[in-house]
Amino acid sequence: MRSRLDPMGARISTRPPSVITDVNRAIRDPMYQTKEWSQLRSKIMSRSSKTCLICGVNRVTHVDHLLGHNDAIAAEAAFCLGVSAAPTWQGRFYEGPFLTLCGPCHSSKTVLEQNGRLLEWMQAHWCKLLFEI
Ligand SMILES: [Zn+2]
């Protein structure tokens with residue numbers, strides 16, 4: 001983790017505030033293990049064309065939460081896209097909006113999201129997102 005020292009010599013993080021913390025992971029990771037998520041994920045996968053929205057490969061493996069895990073960024077992203085979304089991760093978890101992505105595309109989105117750059121990713125794929133959601 002990148003860090004620097006504050007004027008008192010204490011080490012402080014230089015990560016953007018949107019970085020997913022371990023606390024958030026402790027809340028969200030068990031949600032992926034529930035029967036409700038398993039059923040919803042299967043339903044979304046069966047409705048999808050099995051094609052990755054981003055690269056078009058016919059090997060979708062992820063049901064992605066488009067607006068991500070950070071509530072503040074999700075609110076901004078929903079506003080930019082003109083969609084309504086639950087204000088909390090727990091609400092968005094079951095309500096979406098969702099995307100179906102291949103592994104590499106999901107990984108590249110996740111990396112940007114974890115670095116507070118979800119809106120950049122969305123801008124890069126704006127046209128595809130507008131047709132999907
Ligand atoms: Zn892909």
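View 1. The model shown here is predicted, and so local features need pLDDT of at least 70 and side-chain atom pairs count only at pLDDT 80 or more, whereas totals for chains, interfaces and linings use all residues. Residues are numbered from 1 along each chain as its sequence is written. Lys 50 sits in the loop between helix H2 (35–47) and strand S3 (62–65), and although Lys 50 is not a glycine, its phi is positive, at about 65°. Helices (H or I, at least four residues) and strands (E, at least two) are DSSP runs, numbered from the N terminus.

**View 2. Cys 52 and the largest nonpolar core.** The largest nonpolar core holds 18 residues, and those with the most contacts inside it are Cys 52, Ala 77 and Leu 101; a nonpolar core is a set of buried Ala, Val, Leu, Ile, Met, Phe, Trp, Tyr and Cys residues joined through C-beta atoms within 7 Å. Helix H3 (71–81), strand S4 (98–101) and helix H6 (118–124) each supply at least two residues of this core. Leaving aside residues up to four places away in sequence, Cys 52 touches Val 57, Val 60, Thr 100, Leu 101, Cys 102 and Cys 105, where two residues are in contact if their C-beta atoms, placed from the backbone, lie within 7 Å.

**View 3. Ala 85, a residue in the loop between H3 and H4**. Is Ala 85 buried or exposed? Ala 85 counts as buried because it has 21 C-beta neighbours inside 10 Å. When residues up to four places away in sequence are not counted, Ala 85 touches Leu 67, Ala 74, Ala 78 and Arg 92. Ala 85 and Ala 75 are 10 residues apart along the chain, and their C-alpha atoms are separated by 7.4 Å.

**View 4. The cis peptide bond between Gly 96 and Pro 97**. The peptide bond that joins Gly 96 to Pro 97 is cis, with an omega of about 10°, and Pro 97 is found in the loop between helix H4 (89–95) and S4.

Methods:
Buried ≥ 20, exposed ≤ 12 C-beta atoms within 10 Å, placed from the backbone.
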